[in-house]
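Here is a walk through one structure, from its ligand to its helix packing. Keep the viewer open as you read.

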Amino acid sequence: MKKFIILLIILTIAGFAYAQSKEAAHSIVLPAVKTDLAAGEGMDTTEKYCSICHSLDYITMQPKFPKATWTVEVNKMIKVMGAPIPEADAKVIIDYLAAQYGTGG
Ligand code: HEC
C-alpha cells in the first residue's frame, strides 16, 4: 500500500511536469508588417536602423520635410530615444530622407 501511494505521488508530479512542458511549447505567429521605403541610395541603412523600435510607417506617413527637419528628427531618435546609429550612418539616413521624403530644400 505504501509503495502504491509513493508511485501515485510520483505519477502525479510527472503529470504536472509534463503538462507544464506542453504549456511552454505554445507559440504564436506574428503578422509580418512590411512598409516599403522609396528606392534610393541609403534605403538599406535607413530600413536597418529606423525599424528597430517602430514601423517604417513613421517615416512614410510624414509630410515632406526640408532636410533641416529630417536632421533634427534623426538626431532626436539618436539623442532622445537612444537609437544606436553611428554618425556616418546617420548622415546617410538624413541624405536619404531628404532626397526621398524631402521638400528638396
Ligand atoms: C531607439 C528607438 C528608436 C529608433 C531606433 C528610431 N526611433 Fe523614431 N521614434 C521612437 C519613439 C519612442 C518615437 C515616439 C513614438 C510615439 O510617440 O509613439 C519615435 C517617433 C518617430 C517619428 C514620429 C515623429 C516624432 O518625432 O515623434 C518619426 C518620424 C521617427 N520616429 C523617425 C525615425 C527615423 C527616421 C529613425 C531612423 C533614423 C527612427 N525613428 C529610429 C524611437 C525610435
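Of the 18 residues around the ligand, which come nearest? They are Cys-50, Cys-53, His-54, Lys-76 and Met-77. A residue counts as near when one of its heavy atoms lies within 4 Å of the molecule. This is a predicted model: local features need pLDDT of at least 70, side-chain atom pairs count only at pLDDT 80 or more, and totals for chains, interfaces and linings use all residues. Residues are numbered from 1 along each chain as its sequence is written, and side-chain values use heavy atoms, with hydrogens and water left out.

Now the polar contacts (pairs of N or O atoms within 3.5 Å). Lys-76 places a polar side-chain atom 2.5 Å from an oxygen atom of the ligand. For Glu-73, a side-chain N or O atom is 2.5 Å from a ligand oxygen. For Tyr-58, the corresponding distance is 3.4 Å.

Turn to the helices, which are DSSP runs of H or I with at least four residues, numbered from the N terminus. Helix α4 spans residues 67-79 and helix α5 spans residues 87-101. Their axes (lines fitted to C-alpha atoms over the stretch in contact) come within 9 Å and cross at roughly 140 degrees. That makes α4 oblique to α5; the oblique class is what remains after under 35 degrees (roughly parallel), over 145 (roughly antiparallel) and 65 to 115 (roughly perpendicular). Contact means heavy atoms within 4.5 Å. In α4, the contact residues include Trp-70, Val-74 and Ile-78. Those of α5 include Ile-94, Ala-98 and Tyr-101. By class, this contact has nine nonpolar, one polar and two charged residues.

Helix α2 (residues 43-50) also packs on α5, at about 110 degrees with axes 9 Å apart. The two are therefore roughly perpendicular. Met-43, Thr-45, Thr-46, Tyr-49 and Cys-50 in α2 meet Asp-89, Val-92, Ile-93, Tyr-96 and Leu-97 in α5.

Notes:
Axes are lines fitted to C-alpha atoms, for helices over the stretch in contact, and angles run from 0 to 180 degrees between N-to-C directions. Ala, Val, Leu, Ile, Met, Phe, Trp, Tyr, Cys and Pro count as nonpolar, Asp, Glu, Lys and Arg as charged, and the others, Gly among them, as polar. A polar contact is a pair of N or O atoms within 3.5 Å; within protein, one must be able to donate a hydrogen and the other to accept it, and residues adjacent in sequence count only if both atoms are side-chain atoms.
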